[in-house]
Amino acid sequence: MATLKKLGILLSGRGSNFEAIADSVKAGRIPAEIAIVISNRADALGLESARKRGLNAKLIISKGRVREEHDAEVVSALKDAKVDLICLAGYMRLLSPEFVRAFPNKILNIHPSLLPAFPGLDAQKQALDYGVKVSGCTVHFVDEHLDHGCIILQKTVPVLDSDDEHALSARILEQEHIAYSEAVRMVVSGEIEIRDRRVVRLNVKGPA
Ligand code: GRF
(Lines give C-alpha, C1' and ligand atoms only; values in the text may rest on other atoms or scores of the structure.)
Protein backbone atom coordinates (compact mmCIF):
# COMPACT_ATOMS: atom_id res chain seq x y z
CA MET A 1 0.00 0.00 0.00
CA ALA A 2 1.30 3.47 -0.87
CA THR A 3 2.33 5.57 2.13
CA LEU A 4 -0.23 8.13 3.18
CA LYS A 5 0.40 11.74 2.25
CA LYS A 6 1.12 14.00 5.18
CA LEU A 7 -0.91 17.15 5.77
CA GLY A 8 0.15 20.25 7.68
CA ILE A 9 -2.66 22.53 8.89
CA LEU A 10 -2.15 26.20 9.77
CA LEU A 11 -4.84 28.03 11.71
CA SER A 12 -5.41 31.09 13.87
CA GLY A 13 -8.90 30.72 15.32
CA ARG A 14 -12.07 28.66 15.54
CA GLY A 15 -10.72 25.85 13.39
CA SER A 16 -13.98 24.51 11.94
CA ASN A 17 -12.37 23.91 8.53
CA PHE A 18 -9.53 22.05 10.24
CA GLU A 19 -12.11 19.92 12.07
CA ALA A 20 -13.94 19.14 8.83
CA ILE A 21 -10.66 18.00 7.25
CA ALA A 22 -9.72 15.99 10.36
CA ASP A 23 -13.14 14.30 10.33
CA SER A 24 -12.74 13.44 6.64
CA VAL A 25 -9.27 12.00 7.27
CA LYS A 26 -10.60 9.92 10.16
CA ALA A 27 -13.53 8.66 8.09
CA GLY A 28 -11.18 7.67 5.25
CA ARG A 29 -12.61 10.21 2.83
CA ILE A 30 -9.15 11.79 2.43
CA PRO A 31 -6.28 9.30 1.92
CA ALA A 32 -3.82 11.21 4.13
CA GLU A 33 -2.77 11.77 7.70
CA ILE A 34 -2.47 15.02 9.62
CA ALA A 35 1.22 15.28 10.51
CA ILE A 36 1.12 18.65 12.26
CA VAL A 37 -1.29 21.45 13.21
CA ILE A 38 0.29 24.85 13.81
CA SER A 39 -1.38 27.91 15.29
CA ASN A 40 0.14 31.36 15.47
CA ARG A 41 -2.22 32.27 18.35
CA ALA A 42 -2.32 30.72 21.81
CA ASP A 43 -6.07 31.30 22.14
CA ALA A 44 -7.04 29.52 18.89
CA LEU A 45 -9.86 27.07 19.57
CA GLY A 46 -8.56 24.98 16.68
CA LEU A 47 -5.30 24.37 18.54
CA GLU A 48 -7.20 23.03 21.54
CA SER A 49 -9.30 20.85 19.28
CA ALA A 50 -6.16 19.44 17.59
CA ARG A 51 -4.70 18.58 21.01
CA LYS A 52 -7.93 16.88 22.07
CA ARG A 53 -7.78 14.77 18.93
CA GLY A 54 -4.30 13.66 19.92
CA LEU A 55 -2.66 15.34 16.93
CA ASN A 56 0.79 16.88 16.86
CA ALA A 57 -0.26 20.46 17.69
CA LYS A 58 2.27 23.25 17.87
CA LEU A 59 2.02 26.90 18.88
CA ILE A 60 4.37 29.28 17.07
CA ILE A 61 3.37 32.75 18.22
CA SER A 62 3.58 35.44 15.56
CA LYS A 63 2.73 38.50 17.64
CA GLY A 64 5.59 40.97 17.85
CA ARG A 65 7.78 39.01 15.46
CA VAL A 66 9.17 39.91 12.05
CA ARG A 67 7.15 38.02 9.41
CA GLU A 68 10.16 36.39 7.72
CA GLU A 69 11.52 35.15 11.03
CA HIS A 70 8.19 33.66 12.15
CA ASP A 71 7.60 32.13 8.73
CA ALA A 72 11.05 30.52 8.75
CA GLU A 73 10.19 28.79 12.03
CA VAL A 74 6.85 27.58 10.66
CA VAL A 75 8.51 26.34 7.44
CA SER A 76 11.08 24.43 9.44
CA ALA A 77 8.38 22.79 11.63
CA LEU A 78 6.47 21.78 8.48
CA LYS A 79 9.64 20.35 6.92
CA ASP A 80 10.50 18.46 10.12
CA ALA A 81 7.00 16.95 9.96
CA LYS A 82 7.71 16.03 6.29
CA VAL A 83 4.42 17.44 5.05
CA ASP A 84 3.35 16.88 1.46
CA LEU A 85 0.54 19.43 1.50
CA ILE A 86 -0.26 22.46 3.66
CA CYS A 87 -3.83 23.61 4.29
CA LEU A 88 -4.41 27.16 5.48
CA ALA A 89 -7.57 26.91 7.56
CA GLY A 90 -8.43 30.37 8.81
CA TYR A 91 -4.73 31.27 9.07
CA MET A 92 -4.88 35.02 9.47
CA ARG A 93 -1.35 35.74 8.22
CA LEU A 94 -0.01 36.71 4.85
CA LEU A 95 2.70 34.25 3.87
CA SER A 96 6.09 35.70 2.94
CA PRO A 97 7.33 34.95 -0.61
CA GLU A 98 10.02 32.73 0.96
CA PHE A 99 7.33 30.61 2.61
CA VAL A 100 5.37 30.21 -0.63
CA ARG A 101 8.54 29.37 -2.58
CA ALA A 102 9.48 26.70 -0.04
CA PHE A 103 6.32 24.74 -0.98
CA PRO A 104 5.47 25.41 -4.65
CA ASN A 105 1.88 24.34 -5.45
CA LYS A 106 1.73 22.59 -2.10
CA ILE A 107 -0.24 25.17 -0.13
CA LEU A 108 -4.04 25.39 -0.24
CA ASN A 109 -6.35 28.07 1.12
CA ILE A 110 -10.10 28.44 1.49
CA HIS A 111 -11.74 31.82 1.03
CA PRO A 112 -15.40 32.65 1.78
CA SER A 113 -16.28 34.21 -1.59
CA LEU A 114 -16.31 33.29 -5.25
CA LEU A 115 -12.85 34.55 -6.16
CA PRO A 116 -11.72 36.74 -7.84
CA ALA A 117 -14.64 38.63 -6.27
CA PHE A 118 -14.13 39.97 -2.75
CA PRO A 119 -10.59 38.96 -1.79
CA GLY A 120 -9.18 39.96 1.60
CA LEU A 121 -10.92 40.45 4.92
CA ASP A 122 -14.69 40.37 5.56
CA ALA A 123 -15.48 38.73 2.22
CA GLN A 124 -19.06 37.92 3.25
CA LYS A 125 -19.72 41.56 4.23
CA GLN A 126 -18.14 42.74 0.99
CA ALA A 127 -20.53 40.46 -0.94
CA LEU A 128 -23.58 41.72 0.96
CA ASP A 129 -22.55 45.36 0.61
CA TYR A 130 -22.04 44.91 -3.13
CA GLY A 131 -25.47 43.33 -3.48
CA VAL A 132 -24.54 40.09 -5.25
CA LYS A 133 -27.29 37.44 -5.45
CA VAL A 134 -24.94 34.45 -5.36
CA SER A 135 -21.83 33.93 -3.29
CA GLY A 136 -19.89 30.93 -2.00
CA CYS A 137 -16.40 29.73 -1.29
CA THR A 138 -13.22 28.99 -3.18
CA VAL A 139 -10.43 26.50 -2.51
CA HIS A 140 -7.27 27.57 -4.31
CA PHE A 141 -3.52 27.04 -4.44
CA VAL A 142 -1.60 29.76 -2.67
CA ASP A 143 0.78 31.92 -4.66
CA GLU A 144 2.60 35.10 -3.70
CA HIS A 145 -0.48 37.31 -4.08
CA LEU A 146 -3.43 37.53 -1.72
CA ASP A 147 -6.33 35.14 -2.53
CA HIS A 148 -5.03 34.79 -6.06
CA GLY A 149 -3.67 31.31 -6.86
CA CYS A 150 -5.19 28.73 -9.22
CA ILE A 151 -8.72 27.70 -8.28
CA ILE A 152 -9.31 24.04 -7.42
CA LEU A 153 -13.02 24.22 -6.73
CA GLN A 154 -15.84 26.56 -5.81
CA LYS A 155 -19.26 26.05 -4.23
CA THR A 156 -22.07 28.54 -4.55
CA VAL A 157 -24.85 29.61 -2.19
CA PRO A 158 -27.75 32.03 -2.74
CA VAL A 159 -27.74 35.42 -1.03
CA LEU A 160 -31.20 35.93 0.46
CA ASP A 161 -32.94 39.27 0.96
CA SER A 162 -33.17 38.52 4.68
CA ASP A 163 -29.43 37.80 5.03
CA ASP A 164 -27.14 39.61 7.40
CA GLU A 165 -23.42 38.90 7.56
CA HIS A 166 -23.96 36.17 10.14
CA ALA A 167 -26.58 34.26 8.15
CA LEU A 168 -24.64 34.45 4.90
CA SER A 169 -21.38 33.43 6.61
CA ALA A 170 -23.06 30.38 8.17
CA ARG A 171 -24.50 29.29 4.80
CA ILE A 172 -21.10 29.67 3.14
CA LEU A 173 -19.28 27.91 6.00
CA GLU A 174 -21.40 24.80 5.56
CA GLN A 175 -20.19 24.61 1.96
CA GLU A 176 -16.59 25.41 2.98
CA HIS A 177 -16.47 22.27 5.09
CA ILE A 178 -17.57 20.14 2.14
CA ALA A 179 -15.41 21.93 -0.42
CA TYR A 180 -12.15 21.85 1.54
CA SER A 181 -12.22 18.09 2.14
CA GLU A 182 -13.15 17.48 -1.48
CA ALA A 183 -10.28 19.65 -2.73
CA VAL A 184 -7.72 18.10 -0.39
CA ARG A 185 -8.81 14.64 -1.51
CA MET A 186 -8.45 15.63 -5.18
CA VAL A 187 -4.94 17.01 -4.60
CA VAL A 188 -3.55 14.16 -2.47
CA SER A 189 -5.04 11.56 -4.81
CA GLY A 190 -3.25 13.18 -7.76
CA GLU A 191 -6.55 13.70 -9.58
CA ILE A 192 -5.76 17.18 -10.84
CA GLU A 193 -3.12 19.04 -12.75
CA ILE A 194 -2.43 22.73 -13.28
CA ARG A 195 -2.45 23.92 -16.89
CA ASP A 196 -1.64 27.63 -17.04
CA ARG A 197 -4.15 29.03 -14.54
CA ARG A 198 -6.61 26.20 -14.91
CA VAL A 199 -6.81 23.27 -12.55
CA VAL A 200 -8.12 20.33 -14.56
CA ARG A 201 -9.25 16.85 -13.57
CA LEU A 202 -7.17 14.01 -15.00
CA ASN A 203 -8.75 10.94 -16.58
CA VAL A 204 -12.19 12.43 -16.33
CA LYS A 205 -14.26 11.99 -19.48
CA GLY A 206 -16.92 14.62 -20.07
CA PRO A 207 -18.13 17.06 -17.44
CA ALA A 208 -16.79 16.28 -13.95
C1 GRF B 1 -13.39 30.65 7.04
O2 GRF B 1 -14.52 31.40 6.68
C3 GRF B 1 -12.38 30.63 5.93
O4 GRF B 1 -12.96 30.67 4.66
C5 GRF B 1 -11.60 31.89 6.17
O6 GRF B 1 -11.51 32.01 7.57
C7 GRF B 1 -12.61 31.32 8.18
C8 GRF B 1 -12.02 30.32 9.12
O9 GRF B 1 -13.00 29.63 9.87
N10 GRF B 1 -10.32 31.83 5.50
P11 GRF B 1 -12.57 28.37 10.71
O12 GRF B 1 -11.45 28.82 11.67
O13 GRF B 1 -12.09 27.31 9.78
O14 GRF B 1 -13.79 27.97 11.47
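Which residue forms a salt bridge with arginine 101? In this structure, which is a predicted model, the partner is glutamate 144, and the closest N and O atoms of the pair are 3.2 Å apart. Good morning, colleagues. I shall begin with the setting of that pair, then turn to the ligand, and end with one loop.

The domain assignment divides the protein into domain 1, residues 1–103, and domain 2, residues 109–208. Their centres, taken over C-alpha atoms, are separated by 20 Å. Domain 1 brings 22 residues to the contact, and domain 2 brings 17 residues.

How is an interface described in numbers? Its size is often given as the accessible area lost when the parts come together. Here, domain 1 and domain 2 bury about 1500 Å² between them, and carbon and sulfur atoms give 70% of that area. The polar side of the account can be listed as well. Across this interface there is 1 salt bridge, and 6 residue pairs are in polar contact between the two domains.

Which elements supply the side of domain 1 that touches domain 2? Strand S1 (5–11), helix H1 (16–26), strand S4 (85–88) and helix H4 (97–102) each supply at least two residues. The largest share comes from H1, with 5 residues. Sorted by class, this side of domain 1 has 15 nonpolar, 3 polar and 4 charged residues.

I now turn to the ligand. Surrounding it are Arg14, Gly15, Ser16, Asn17, Gly90, Ile110, His111, Pro112 and Glu176. Serine 16 places a polar side-chain atom 2.5 Å from an oxygen atom of the ligand. Glutamate 176 has an N or O atom in its side chain at 2.6 Å from a ligand oxygen atom. In the case of isoleucine 110, the backbone takes part: one of its polar backbone atoms is 3.1 Å from a nitrogen atom of the ligand.

Most residues other than glycine have a negative phi, and most peptide bonds are trans. Against that background, two features may be noted. The peptide bond that joins leucine 115 and proline 116 is cis, with omega about 15°. Phenylalanine 118 also lies in the loop between S5 and H5, and its phi is near 55°, a positive value in a residue other than glycine.

That concludes my presentation. Thank you for your attention.

Methods: Residues numbered from 1 in each chain as written. Predicted model: local features only at pLDDT ≥ 70, side-chain atom pairs only at ≥ 80, totals over all residues. Heavy atoms only, no water. Domains from an automatic or database assignment. Contact = heavy atoms within 4.5 Å. Buried area = accessible area lost by both parts, 1.4 Å probe. Salt bridge = Lys/Arg side-chain N within 4 Å of Asp/Glu carboxyl O. Polar contact = N/O pair within 3.5 Å; in protein donor to acceptor, adjacent residues only side chain to side chain. Helix = DSSP H or I, 4+ residues; strand = E, 2+ residues; numbered from the N terminus. Nonpolar A, V, L, I, M, F, W, Y, C, P; charged D, E, K, R; others polar. Near = heavy atom within 4 Å.
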